[in-house]
Amino acid sequence: MGKLKDLQTQRENCIIIAIATKKEDDIARKLSETERLCFTAGLNVVAKFYQIVKDFNKSTVLGKGKLDEIAEYIENCQEEIDVAIVDYQLSGSQMNNISTVLGVKVVDRVGLIIDIFASGAQSREAKLQVKLAQDKYILPRLSQIAGTSGRFGGAGVGMRGPGETKLELNRRILEKEMESLKKQIDKIKEQRLLTRRERTKSGLPKIAIVGYTNAGKSSLLNCLTRDNIYADDKYFATLDTTSRKLFLGEGKYAILTDTVGFISDLPHQLVDAFSATLEEATDADLILHVVDVTLSDKTDKTYEYKENMRITDELLDKLGATKNRFVVLNKCDKMTKPMALEGDQILISTKTKKGIDNLLNKIRDNLFDN
């Protein structure tokens, strides 16, 4: 009898391998976050493994014993495993070496996140940005990715292009394509700059919504502006920057902009490619840092929302978005116990609208009473 496969949805079966390089790394968080990324990528997670790496193996990162254990699991598993997702940034040779031992396709954390962006890009701008990030990622790993693709097929996670474009695995074509993409993105940046200048001329203050992916940024924009932009309970559900006019009462308005979500170890290729959209945060008069507060409500994840805040603050600091921001703690309707607010924080629920009036008052006071 052959191994089982999800015939109804044709989803790829995967295993997750989390790697920690120091004892204080939160393995449970790594596995949980990677599992959520796999869900967003349409993968079916069959099993999870982890290793705290002490003696770093340059060829495979993982130790031989752990690799043999995982290979044995794949060999004996009733379900057919299509891909191993490694929660670590691997070189092309490391991916190839691990793939050889396990006998399945290997995709690292960076490749998985880029693949999610590639599948979710809708606008022309997002598709161009993702394609450039994808090309930057593939170029130094070209021979290994091409080799792995040949062994396990050129489809599925890690091989998807924006707008269903087939990935090109030819160095000269990739280099030419990157030059073309950079020119097209530069033109869009110029157009965006002109648009921002027009907004500045209007005299309306600018508010940017930022935060960890899936914190509820798009839901907050919908709630405040009574709009209906796409929002979903997945990582990176929306990749395009969306701006709407926000009425603040007494004849006062502001421009409210939703931005792409952050995540730990966000691939630098994506930070570079989405710099034009992330500039909305650096240019804003006020930043709303949205946080999913429910991640503090589970006994095994007591500090997770604080870690998400730290990662977002770190990325904002790198972008130079250091002025005038406060924390919006979202999803309070799901909390089972009260929490003490710290500093400039406000508690809301975009689902029940609790705290929204307080948030609007805080925004108005911040923008117009200073």
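The model is predicted, and its chain of 370 residues has 52% of them buried. The secondary structure comes to 12 helices and 10 strands. Among contacts in the chain with a separation of 6 or more, 70% are between residues 24 or more positions apart.

**Packing around helix H4**

- Helix H1, which covers residues 27–40, packs with helix H4, residues 109–120, at an angle of about 35°, and the two axes are 10 Å apart; the crossing in which H1 passes H4 is left-handed.
- On the H1 side this contact is made by Glu33, Thr34, Leu37, Cys38 and Thr40, while H4 contributes Arg109, Leu112, Ile113 and Ile116; by class, these comprise five nonpolar, two polar and two charged residues.
- H4 also packs with helix H5, residues 124–138, where the axes come within 9 Å and cross at roughly 155°; since angles over 145 degrees count as roughly antiparallel, H4 and H5 are therefore described as roughly antiparallel to each other.
- The crossing of H4 with H5 is left-handed, and the contact is made by Val110, Gly111, Ile114, Phe117 and Ala118 of H4 together with Val130, Ala133, Gln134 and Tyr137 of H5.
- The residues of the contact of H4 with H5 divide into seven nonpolar and two polar, with no charged residue.

**The enclosed helix H8**

- Eight of the nine residues of helix H8, residues 217–225, are buried, so this helix is largely enclosed by the rest of the structure.
- The buried residues of H8 are Lys217, Ser218, Leu220, Leu221, Asn222, Cys223, Leu224 and Thr225.
- The elements that cover these buried residues include strand S5 (206–211), strand S6 (242–247), strand S7 (253–258) and strand S8 (286–292), as well as helix H12.
- Directly after H8 comes Arg226, which has a positive phi, near 55°.

**Cysteines**

- A search of the whole structure finds zero disulfides, and for Cys14 the nearest cysteine sulfur is that of Cys38, 3.9 Å away; because a disulfide requires sulfur atoms within 2.5 Å, Cys14 is in no disulfide.
- Cys14 counts as buried, at 0% relative accessibility, and Cys38, whose sulfur is the nearest to that of Cys14, is among the residues of H1 that make the contact with H4.
- Cys332 is likewise buried, with a relative accessible area of 9%, and Cys332 is one of the residues that Ser349 touches.

**Ser349, in a loop**

- Ser349 lies in the loop between strand S10 (345–347) and helix H12 (356–368), and Ser349 is buried, with a relative accessible area of 0%.
- Not counting residues up to four places away in sequence, Ser349 touches Asn330, Lys331, Cys332, Asp333, Lys354 and Ile356.

**Tyr73, in a helix**

- Tyr73 has its place in helix H2, residues 64–76, and at 27% relative accessibility this residue counts as partly exposed, because the buried class is limited to values under 20% and the exposed class to values over 50%.
- Leaving aside neighbours within four places in sequence, Tyr73 is in contact with Ile15, Val46, Ala47 and Phe49.
- Of these, Ala47 is 26 residues from Tyr73 in sequence, and the two are 9.2 Å apart in space, C-alpha to C-alpha.

Notes: Residues are numbered from 1 along each chain as its sequence is written. This is a predicted model: local features need pLDDT of at least 70, side-chain atom pairs count only at pLDDT 80 or more; totals for chains, interfaces and linings use all residues. Side-chain values use heavy atoms; hydrogens and water are left out. Axes are lines fitted to C-alpha atoms, for helices over the stretch in contact, and angles run from 0 to 180 degrees between N-to-C directions. Helices (H or I, at least four residues) and strands (E, at least two) are DSSP runs, numbered from the N terminus. A crossing is left-handed if the near helix is turned anticlockwise from the far one by less than a right angle, and right-handed if clockwise. Contact means heavy atoms within 4.5 Å. Ala, Val, Leu, Ile, Met, Phe, Trp, Tyr, Cys and Pro count as nonpolar, Asp, Glu, Lys and Arg as charged, and the others, Gly among them, as polar. Buried means under 20% relative accessible area, exposed over 50%, partly exposed in between (1.4 Å probe, protein chains only). Angles under 35 degrees count as roughly parallel, over 145 as roughly antiparallel, 65 to 115 as roughly perpendicular and the rest as oblique.
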